[in-house]
Every structure is written in C-alpha cells, then in structure tokens.
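I opened my notebook to look up the charged pairs and the ligand site here.

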Amino acid sequence: MAKAIIGTEHLNKTYGKKDSLFIALKDINLDIKQGESIAIIGKSGSGKSTLMHLLALLDSPTSGEITVNGESSSRLSRRQKDKLRNKQFGFVFQQFFLNANNSVLDNVILPLKIAGKSRRERNRLGMKALEDVELADKANNKANDLSGGQKQRVVIARALINDPNIIFADEPTGNLDSVTGQKIEEMLFSLNKTKNITLIIVTHDADLAARCDRQIRIKDGQIEQETK
Amino acid sequence: MKFLDILGSASSNMLRSKVRTILTITAIFIGAFTITLTVGISSGVSSYIDKQLGNIGAENVLLIRPKVDLDTGSGPKKYDPEHTVNSAAQARSGNVTLTSKDIEKIKTQDGIKDVQPIIAAVPDYIQNGSGDKYQISTQSFIDGSRFDLASGKLPDNSAIQPEVLLPVSFVSPLGFSSNESAVGQTVTFAIKTSLGKQEMVSAKISGVQQQSLLSDAGGASANKKLISELTAIQTRGLPADTANKYPAASAQLASGISDSQLQMIKDGLKSKGYQALTVADQIGIIKQVIDAITYVLIFFGAIALLAASFGIINTLYMSVQERTKEIGLMKAMGMSRSKVFLLFSVEAILLGFWGSGIGALAAIGAGQLVNKIASAGFLKDLPGFSLTEFPILSIASIMLLIMTIAFLAGTLPARRAAKQDPIDALRYE
Ligand SMILES: Nc1ncnc2c1ncn2[C@@H]1O[C@H](COP(=O)(O)OP(=O)(O)OP(=O)(O)O)[C@@H](O)[C@H]1O
Ligand SMILES: [Mg+2]
C-alpha cells in the first residue's frame with residue numbers, strides 16, 4: 001500500500017473570538033495517499049476551501065495536526081513551508097489567478113522563477129508544459145487574451161511545471177462550460193494516472209467528484225460522509 | 001527568486017502604470033536636479049577658491065591696510081600727528097594710505113617676518129611697439145606671493161631690468177598672438193610726473209598671469225626696478241611725505257603659525273590701528289555668500305525630496321493594493337516574505353535611481369550650459385573658472401542618498417506586501 005502523503009488529526013479551525021466565534025472546521029481526520037484522487041464536496045460555506053488551504057499549508061489550524069510526508073507541519077518553519085509549496089504542490093483555482101498583462105509563458109514559469117531556476121531552464125520547461133496542455137502556440141500571447149478554457153489550461157500547465165506530488169484544485173471547472181470542463185477534467189485525471197500525482201479537488205460538480213477515488217462530504221465544518 | 005529576476009519583475013511592475021511612475025519619478029527628479037546643480041555650483045566655486053588659495057600662498061601672507069574707523073557717532077576725533085589716518089575724510093575720499101612709519105610699526109608686531117609696502121603706480125597707458133594704447137595700473141610684485149601663471153615666469157625683484165607680469169586679458173589687445181609669444185617681449189609704459197610731463201619706461205614681459213578673484217582687473221605686477229622707475233617719475237616734484245604713501249602692505253608671516261597665533265597677530269595689528277586679512281579672509285566673504293545660497297537651495301531640494309518620498313509611499317501602496325492577488329499567488333507558490341519585501345523595495349529603489357539619475361544628468365547638462373554662458377559672459381575675466389563642477393563622487397553620493405531615501409519610503413508598503421496573507425488574496429475577488 002502507498003504511504004500517506006498528507007494527513008490530518010483532530011484538525012480544528014475557528015474564526016473570530018468570543019461572541020463572533022465561528023467554527024469553520026471541526027475534528028477533521030484524513031489520510032491521503034500518494035496517487036489518490038480526492039474530491040471535497042459539500043454546500044457552499046461548509047468549509048471546503050478552508051480545509052484545502054489548511055492541507056496546502058497556506059493557513060494554520062487553530063488546533064490539531066497536519067502531516068506532510070510524515071512530518072508535522074507545526075514543526076516546519078515558514079521557509080520550509082514556502083519551499084514545500086514551491087517544489088511539491090501545484091495549484092489550480094476557479095478564478096485562474098493569471099497575471100493578465102504578462103505573457104502566457106511568463107505565467108506558466110512563475111513557480112520556477114520563484115524557485116530561482118535559470119531563464120533557459122524555465123523557458124524549456126515552460127514550453128514543455130504548454131505543449132502538454134496544447135497551448136504552445138499561445139506562449140507569447142498576453143494571458144488576458146485567452147478564452148476561459150485556455151486560461152484554465154495555462155493554470156494547469158503552471159501547476160505542472162514544478163513536477164508536483166500534489167495538485168490542489170479549488171473548483172477547477174467552476175467557471176467553464178461543460179465541454180471545456182470535461183477537457184480540464186480529462187487532463188487532471190490523466191496526470192493522476194500517468195504521473196501518479198495526488199489530486200485534491202474541491203468541487204460542486206457531481207461528475208467530477210464521482211470520478212475521484214474518494215469523496216469527502218463536508219457539512220458545517222465536519223466530515224459528514226466518506227464514500228469510495 | 002534570483003536577484004536579477006527580482007530586478008526584472010520590479011522594473012516591469014514599475015512600468016505597468018506609466019503615468020503614476022512618471023509623476024513619482026518627476027518629483028524625485030526635481031529634488032535631485034536642484035541638489036545636484038547646487039552641489040555642482042558650490043563645488044565649482046570652492047574648487048576655484050581652493051586653487052586660488054593654493055596659488056597665492058595661502059595663510060603665510062597678510063594683506064594690511066589702515067583700519068578705517070567709520071564710527072562717526074563718537075564725535076570728532078582728536079588730531080594725532082603720529083597717526084596720519086584722518087578716518088572720516090580719508091574714508092570718504094577713498095584715500096587711506098600707509099606711510100613708511102606705518103611699515104616700521106607693523107614690523108614690530110610679533111610673528112611677522114617681513115613687511116613690504118605694496119606700491120602702486122598709475123601709468124597713462126601701456127603700448128606694444130606702435131600698437132594701440134591701453135590703460136593699465138601697476139603694483140609692486142611681492143616676493144613669496146604666487147600667481148596662476150598662464151605662461152612664462154614671475155617677475156624677478158633682483159633683476160636689473162624692469163620686468164612686468166601681464167594679465168592675460170592684455171595679451172591679444174597688445175597684438176600678441178599667444179601667451180607664449182608675449183613672454184620675453186618688451187612693452188612701453190607712459191607715465192606723467194606731478195607736473196604733467198609724460199615719460200616712457202620699457203619693461204620686459206616676464207610672464208602672463210591668469211585673472212583671478214583677487215587680482216585687480218587691469219592690474220599688472222611690476223618688479224622692483226620697474227615699480228621704482230614708475231613711482232620715481234610719478235612722484236617727481238612732490239614733497240617726500242606725500243610721495244611715500246602706500247595703499248597697503250604685504251606681511252610675510254613666520255612659518256608654522258597656528259590659527260590661534262594668527263588670530264593673535266591680527267588682533268595685535270588691529271590694536272595698532274591696522275586691518276589684516278589673510279587671503280582666506282579676503283575670499284571668505286565670497287565663500288560665505290556662496291555657502292548661504294548653497295544651503296538655501298539644498299534646503300529646497302530636500303523639501304522636494306521629502307514630498308517625493310510621500311509620492312513613493314503612495315505609489316507603492318497603490319501598487320501593493322492593485323497587486324493583492326498577484327502577491328497572494330506568488331506567496332502561495334512559495335515566494336518568501338523577504339523576497340516579496342525585496343521586490344517592492346527594489347521597485348522603490350528603482351524609482352529613486354531613475355529620478356536621481358535623470359535629475360543628475362539634467363543638472364550636469366544645465367551646469368554645462370551655465371558654464372558656457374558664464375565663461376562667455378560675466379566670468380570672461382576669470383579663465384580657469386568653471387562655475388559648476390560635478391565630481392563623480394558627489395554625484396554618486398547624491399544618487400545613493402536619494403536611493404536610500406526611496407528605499408526607506410518604500411519599506412512601509414513593502415512591509416505591507418510582505419505580511420500579506422495569501423489566503424486573503426486568494427479569497428479576494
Ligand atoms: N477569514 C475568515 N473569517 C471569518 N470567517 C471566515 C473566514 N474565512 C472563511 N470564513 C467562513 O468559513 C466558512 C467556510 O468557508 P469556505 O470558504 O471554506 O467555504 P466553501 O465550502 O469553500 O464554500 P464555497 O463552496 O462557497 O466556496 C464560511 O462560512 C466562511 O464565511
Ligand atoms: Mg470555496
């Protein structure tokens with residue numbers, strides 16, 4: 001059996017204090033293995049994005065533990081967390097988060113630029129990632145000039161470029177029509193198959209959720225149901 | 001992220017909102033321009049003054065004049081046959097002079113090695129061969145004083161031939177093709193006796209002298225032989241006590257005099273009724289005026305820079321605000337706080353760099369233009385004087401200072417960016 005790449009123990013997240021105290025996540029226990037695909041589903045406001053941000057080490061829990069590669073995140077320094085996100089995580093967001101005025105290629109290579117890779121290496125890997133998402137011909141276009149589906153493929157190319165272990169995707173198809181959404185979906189699952197990349201997908205899309213190995217349904221900050 | 005990449009990103013961020021950037025740079029430009037030009041002028045003038053001081057032999061020579069007491073409030077002064085200065089009347093006529101007695105009295109002052117009267121003679125004209133005639137005044141050349149020589153040598157006081165050091169402005173009017181060709185030539189002075197009879201004296205040109213701040217315009221320095229011949233003619237027929245009068249005396253100080261000793265000598269001479277000035281004192285007044293102007297202009301430049309700092313802060317705050325998402329994304333992708341801080345700091349420093357760089361270049365350009373106009377105009381008689389001077393070190397330190405100010409102004413927004421939570425950015429719509 002593959003070992004757990006990421007897990008949580010009694011994870012709690014609250015916002016505010018006293019009267020305005022809001023429990024966003026309550027006692028979350030999870031174990032996600034390398035190469036698994038996980039769908040986090042649930043109503044709006046249930047805490048899906050909050051959970052994903054915690055798993056991606058973008059946020060710190062109020063209490064409880066997150067372990068990445070068997071190591072407790074509370075013992076990682078900020079710099080180590082930065083490095084982990086830079087080297088091992090890929091992100092796909094509903095609102096794309098592309099720098100509108102930069103070229104497609106510049107957007108794709110951003111994680112490598114942050115990592116301090118040389119320009120030649122960056123451009124080589126960037127073009128390769130763009131070929132993978134069939135957008136090599138748009139490399140020098142402004143990111144703003146692409147269609148929604150093309151933008152999301154650029155985002156996927158960016159998430160892929162550092163050869164990550166885990167891709168976090170928050171509503172990756174939320175802004176796309178069903179045909180385009182389908183295409184993005186295919187892309188993510190083929191990465192999961194061919195490169196054994198772990199997928200953690202927050203989604204409202206029942207089809208997409210159904211294709212995942214596991215579905216974790218969140219309700220009012222708690223895991224209501226886990227299905228396989 | 002590599003530093004070069006940070007530099008590149010900061011540059012392209014800076015260019016993203018061009019109008020805002022240009023306005024901010026303009027504010028910095030104004031401050032940098034003012035300060036650079038001011039420093040340029042003040043360093044041009046001081047280096048000229050320093051050169052002059054060096055040339056004239058600096059602290060070792062005192063110029064001594066009778067003290068002019070313009071105080072009329074204390075009523076009429078008692079007549080003193082020893083002291084020939086009738087201050088009120090003589091000050092009015094501008095005819096305050098020293099006599100041989102004064103020279104002896106000055107010699108008694110401690111610390112003074114030698115005193116020589118400065119003898120002046122006013123020839124009617126100077127002429128080269130049968131060329132045009134020009135008005136000129138002459139003064140005795142004092143050994144030990146140095147001049148900014150354009151060509152040739154200083155007059156020799158022990159020479160048996162009359163010699164003269166000619167101001168450079170006389171060279172071409174007298175028909176010489178160059179400074180070098182004037183040296184060694186003979187010119188003729190015409191001078192009247194007290195009875196009005198004109199006589200001629202010939203002198204060899206020993207050298208050509210640059211005009212300086214301190215030299216009388218149109219004044220030539222004569223060696224002992226020449227000045228005594230001229231004064232002999234000029235005072236012929238006058239009673240002896242009228243003849244031996246000098247506008248000033250030049251005192252040679254003992255070497256190795258400290259500042260406090262110098263002050264004591266000056267005070268001693270003052271109590272004897274003389275005013276003693278070093279070359280530095282004579283120039284000091286000019287320098288004080290220049291310094292005052294410099295301070296005022298630098299103050300204005302500093303105010304402009306202060307305003308520019310707020311411009312930088314504002315520009316970068318807006319930039320941080322606009323790029324909330326981008327910063328959040330970069331942080332999510334593992335960019336460290338210190339790199340985000342650096343990114344915005346470098347942008348601030350770049351604003352400072354361009355503002356100060358363009359400002360300094362414009363100031364140098366303006367300075368060159370001012371030099372050109374000034375040396376063709378009111379500085380024509382002061383060759384070797386460039387009004388503005390821009391030592392690379394001063395320019396570099398001004399730029400460095402402004403970039404430091406820009407960096408400091410940028411730390412506020414840069415800190416805000418560095419501390420930004422990526423989640424806030426990712427949730428930000
Ligand atoms: N910084 C915050 N301060 C206070 N409450 C917050 C904060 N961030 C999130 N919340 C609350 O936590 C709850 C969970 O939010 P979250 O974004 O995780 O929901 P979600 O399941 O992703 O919803 P959606 O499907 O609409 O994206 C919400 O009720 C939200 O209002
Ligand atoms: Mg959400």
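Which element gives the largest share of the shell around ligand 1? I looked it up, keeping in mind that this is a predicted model: H1(A) does, with 3 residues.

**Entry: the shell of ligand 1.** I then listed who comes nearest. Among the 13 residues around ligand 1, the nearest are Ser44(A), Lys48(A), Ser49(A), Thr50(A) and Arg427(B). The site is shared between chains, because residues from both A and B surround ligand 1.

**Entry: polar contacts of ligand 1.** I went through the oxygen atoms of the ligand. One oxygen lies 2.5 Å from a polar side-chain atom of Ser44(A). For Gly47(A), a backbone N or O atom is 3.0 Å from an oxygen atom of ligand 1. With Ser46(A) I again found a backbone contact, a polar atom 3.3 Å from a ligand oxygen. Next I checked the cover: on its own ligand 1 has 640 Å² of accessible area, and the protein covers 64% of that.

**Entry: the pocket.** I looked up the space that ligand 1 takes, and it is the second largest pocket.

**Entry: salt bridges.** How many salt bridges does the structure hold over all chains? I noted 17. I picked out Glu36(A) and Arg214(A), whose closest N and O atoms are 2.9 Å apart. This pair links distant parts of the chain, 178 residues apart: Glu36(A) sits in the loop between strands E2 (22-33) and E3 (37-42), and Arg214(A) in strand E9 (residues 214-219).

**Entry: Arg211(A) and its partners.** I followed this arginine next. Arg211(A) forms a salt bridge with Glu185(A), the closest N and O atoms being 3.7 Å apart. Glu185(A) is in helix H7 (residues 178-195) and Arg211(A) in helix H8 (residues 206-211), so the bridge ties together parts 26 residues apart in sequence. Arg211(A) also forms a salt bridge with Glu186(A), at 3.1 Å between the closest N and O atoms. Glu186(A) lies in H7 too, so this pair joins parts 25 residues apart. I compared accessibility: Glu185(A) is buried at 2%, whereas Glu186(A) is partly exposed at 39%. Arg211(A) itself is partly exposed, at 34%.

**Entry: chain B.** I finished with a network of salt bridges that links Arg16(B), Arg323(B), Glu326(B) and Glu347(B).

Notes: Residues numbered from 1 in each chain as written. Chains lettered and ligands numbered in written order. Predicted model: local features only at pLDDT ≥ 70, side-chain atom pairs only at ≥ 80, totals over all residues. Heavy atoms only, no water. Salt bridge = Lys/Arg side-chain N within 4 Å of Asp/Glu carboxyl O. Helix = DSSP H or I, 4+ residues; strand = E, 2+ residues; numbered from the N terminus. Buried < 20%, exposed > 50% of the residue type's maximum accessible area, 1.4 Å probe, protein only. Near = heavy atom within 4 Å. Polar contact = N/O pair within 3.5 Å; in protein donor to acceptor, adjacent residues only side chain to side chain. Areas by Shrake-Rupley, 256 points an atom, 1.4 Å probe, with all protein chains shown as cover. 1 Å grid on protein atoms, 1.4 Å probe; cavity = no way out; pocket = protein on both sides within 12 Å on 5 of 7 lines; lining within 4 Å. Sits in = over half its atoms within 2 Å of the grid points.
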